Amino acid sequence: MIEVRLQVDGKRLIIETRDSGIPANIKLESVAMPDPLELQVGGYGMAIIQALMDEVQHQYKNEKNLWTLTKKI
């Protein structure tokens, strides 16, 4: 099951998602856009999310992944 919550807080859009999948094993500080000249399967999603959002956070708590994405509007 996936839960999604959207909130507008002043001048920010906050998107929270929770899922009960396996813990996400992503080091957000090392995510980079793959080289477009080197075709590959995967690796674009998190890089696109980080390029579009102002803040991306992840934590694994109570056997759930919690993603918080924040965008200034």
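Student: In which strand does Thr70 lie?

Tutor: Thr70 lies in strand E4. Strands (E, at least two residues) and helices (H or I, at least four) are DSSP runs, numbered from the N terminus. The model is predicted: local features need pLDDT of at least 70, side-chain atom pairs count only at pLDDT 80 or more, and totals for chains, interfaces and linings use all residues. Residues are numbered from 1 along each chain as its sequence is written, and side-chain values use heavy atoms, with hydrogens and water left out.

Student: Why is Thr70 called buried?

Tutor: Its relative accessible area is 8%. Buried means under 20%, exposed over 50%, and partly exposed lies in between (1.4 Å probe, protein chains only). Thr70 therefore counts as buried.

Student: What makes a residue a contact of Thr70?

Tutor: Contact means heavy atoms within 4.5 Å. Leaving aside neighbours within four places in sequence, Thr70 is in contact with Arg12, Leu13, Ile14, Met53, Asp54 and Glu55.

Student: Is Thr68 buried or exposed, and how do you know?

Tutor: Thr68 has a relative accessible area of 13%. That value is under the 20% cut-off, so Thr68 is buried. Thr68 is placed in strand E4. With neighbours within four places left out, its contacts are Ile14, Ile15, Glu16, Glu55, Val56 and Gln57.

Student: Why is Ile48 called partly exposed?

Tutor: Its relative accessibility is 40%. That falls between 20% and 50%, so Ile48 counts as partly exposed. Ile48 is found in helix H1.

Student: What makes E1 a partner of E2?

Tutor: E1 and strand E2 (residues 12-19) share eight bridges, in the antiparallel sense. Leu6 has Ile15 in E2 as its bridge partner.

Student: How many residues stand between the strands of each hairpin?

Tutor: E1 and E2 have two residues between them, and Gly10 in the turn has a positive phi of about 70 degrees. E3 and E4 also have two between them, with Asn62 in the turn at a positive phi of about 55 degrees.

Student: Which residues make up the largest nonpolar core?

Tutor: There are six: Leu28, Met46, Met53, Val56, Trp67 and Leu69. A nonpolar core is a set of buried Ala, Val, Leu, Ile, Met, Phe, Trp, Tyr and Cys residues joined through side-chain atoms within 4.5 Å. Leu69 touches Leu13, Ile14, Ile15, Ile49, Met53, Glu55 and Val56, not counting residues up to four places away in sequence.

Student: What share of the chain is buried?

Tutor: Buried residues make up 21% of the 73 residues.

Student: What pattern does the chain follow along the sequence?

Tutor: The pattern is β-β-α-β-β. The chain has one helix and four strands.

Student: What is the confidence in this chain?

Tutor: The mean pLDDT is 91, and 100% of the residues reach 70 or more. pLDDT is the predictor's confidence in each residue, from 0 to 100. Among the elements, helix H1 (residues 45-52) has the lowest mean (91) and E2 the highest (98).

Methods. Two strands pair if DSSP finds at least two bridges between them.
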